[in-house]
Amino acid sequence: MVTLAEVARHAGVSASTVSYVLSGKRSISDTTRRRVEQSIQELGYHPHAGARALASSRSNIIALMVPLRTDMYVPVMMEIAIAVATTARGYGYDVLLLTGEEGPQAVRRVAASGLADAMIVMDVELEDERIPLLQASERPSVLIGLPADTTGLTCVDLDFEATGALCSDHLADLGHRDIAVLGEAPAVYQRHTGFAERTLQGLRTRAAARGLRLIHRPCEGTYESTAGTVSRIFEERPDTTALVVQNEAAIGPLLALLRQQGRAVPEDVSVVAICPEPVATQSAPQLTSVAIPAQQMGRHAVELVIAKLEGRLKEEVRLLEPQLTLRASSGPAPVSF
């Protein structure tokens, strides 16, 4: 393993000069800096992380809190996490992944231990218990999600309220008047998870403005739970001609059930999904959908937290505009005779 002293000998400078080049604590001439950097590259030297942290008071680590709950669609969460990790590496940071459901305890642990320079927090609830601790911490933080009150916080998220409104508008424009929302698992709403609550708010507000009748039914996403939920929807509202689905796990079972019931999509019932692009395009028929911009959310979160670490940003709420892509699953409301 190459040492700092070996780099110094190779570059023809003192060990302290190499240290100053690495830490940036003292001004070094461009010629000397380039010589040291070339020696570092040629020898493949990597500073010891612990020593570097002690010298700079930085760990060059970002903590990412992503509770992997059974009622959440894990592939989307992991796509965001991968985007965070790859973007962070571009800035010279590693990512510490915290997947437990510790809540405030995880924030306390990271803040007290100095494990990370900053925190990115996912699975945000409207009244999230972690927020007061994040606000009190000296370490910068960014939320991927939107709580009820964003005062003093930096957040990035898809504009889920606008997403719900966009779905209602699309179906209203096609002449639908009775629509149902096949939602996330009941526990997601019991926790008042921000994205689910905001989508529902957008759907309801715009549906009321457009004269739509709307019902919402949570769903676990298994075949059995989807079958029961769909049956109840058509029993309660037999005139339902469109479904909005915000539950990736329920999409496959839903389409299979509609085929078994002899309901053609979109001739008898239109389906609009809020889901990752691959889920929409790999379904049969391909689904009209609003995509979850997982990679963009992860990238923006890192950009914001780096800006805070560098003192270029205090607080910002960055909402990504939803885009609805028309495919084969939505069409005009069927004509009643």
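What do the buried residues of helix 6 pack against?

A: This is a predicted model, in which local features need pLDDT of at least 70 and side-chain atom pairs count only at pLDDT 80 or more, while totals for chains, interfaces and linings use all residues. Residues are numbered from 1 along each chain as its sequence is written, and side-chain values use heavy atoms, with hydrogens and water left out.

The buried residues of helix 6 pack against strand 1 (61-65), strand 2 (94-98), strand 3 (118-121) and helix 7 (131-136), where contact means heavy atoms within 4.5 Å. Helices (H or I, at least four residues) and strands (E, at least two) are DSSP runs, numbered from the N terminus. Helix 6 itself covers residues 104-113, and Pro104, Ala106, Val107 and Val110 are its buried residues (buried means under 20% relative accessible area, exposed over 50%, and partly exposed in between, with a 1.4 Å probe and protein chains only). These four cover an arc of only 160° around the axis, which puts them on the same side of helix 6; the arc is that of the directions from the helix axis to the C-beta atoms. On the face turned away from that buried side, helix 6 carries the exposed residues Gln105 and Ala112. After helix 6 comes Gly114, with a positive phi near 70°.

Helix 6 lies across strand 1, strand 2 and strand 3, and runs at about 175° to strand 1; axes are lines fitted to C-alpha atoms, for helices over the stretch in contact, and angles run from 0 to 180 degrees between N-to-C directions. Six strands form an open sheet in the order 2-1-3-4-5-11, with parallel pairing, and two strands pair if DSSP finds at least two bridges between them. Strand 2 and strand 11 (317-320) stand at the edges, each with a single partner strand, so one side of each is left without a neighbour in the sheet. From one strand to the next, the twist averages 20°. Strand 1 and strand 2 are joined in the parallel sense over five bridges, and Leu64 has Leu97 of strand 2 as a bridge partner.

The axes of helix 5 (residues 74-90) and helix 14 (residues 294-309) come within 8 Å and cross at roughly 40°. In that contact, helix 5 contributes Val76, Glu79, Ile80, Ala83, Val84, Thr87 and Ala88, while helix 14 contributes Ala294, Gln295, Met297, Gly298, Arg299 and Val302. In the loop between strand 3 and helix 7, Asp123 has a positive phi of about 55° although this residue is not a glycine, and Asp123 counts as buried at 5% relative accessibility.

An open sheet of six strands has the order 7-6-8-9-10-12, with mixed pairing, and its edge strands are strand 7 and strand 12 (324-325), each of which pairs on one side only. Within this sheet, strand 6 (residues 178-182) has five of its five residues buried: Asp178, Ala180 and Leu182 are on one side, with Ile179 and Val181 on the other. Strand 6 runs parallel to strand 7 (residues 213-217), to which five bridges join it, and Leu182 has Arg217 as its bridge partner in strand 7. Strand 6 also pairs with strand 8 (residues 242-245) in the parallel sense, over four bridges, with Ala242 of strand 8 as the bridge partner of Ile179. Helix 10 (residues 194-209) lies across strand 6, strand 7, strand 8 and strand 9, running at about 160° to strand 7. In the loop between helix 9 (186-190) and helix 10, His192 has a phi near 55°, a positive value in a residue other than glycine, and His192 is partly exposed, with a relative accessible area of 43%.

Two cis peptide bonds complete the tour. One joins Val265 and Pro266, with omega of about 10°, and Pro266 is found in the loop between helix 12 (248-260) and strand 9. The other runs from Ala284 to Pro285, with omega near 0°, and Pro285 is found in the loop between helix 13 (277-281) and strand 10.
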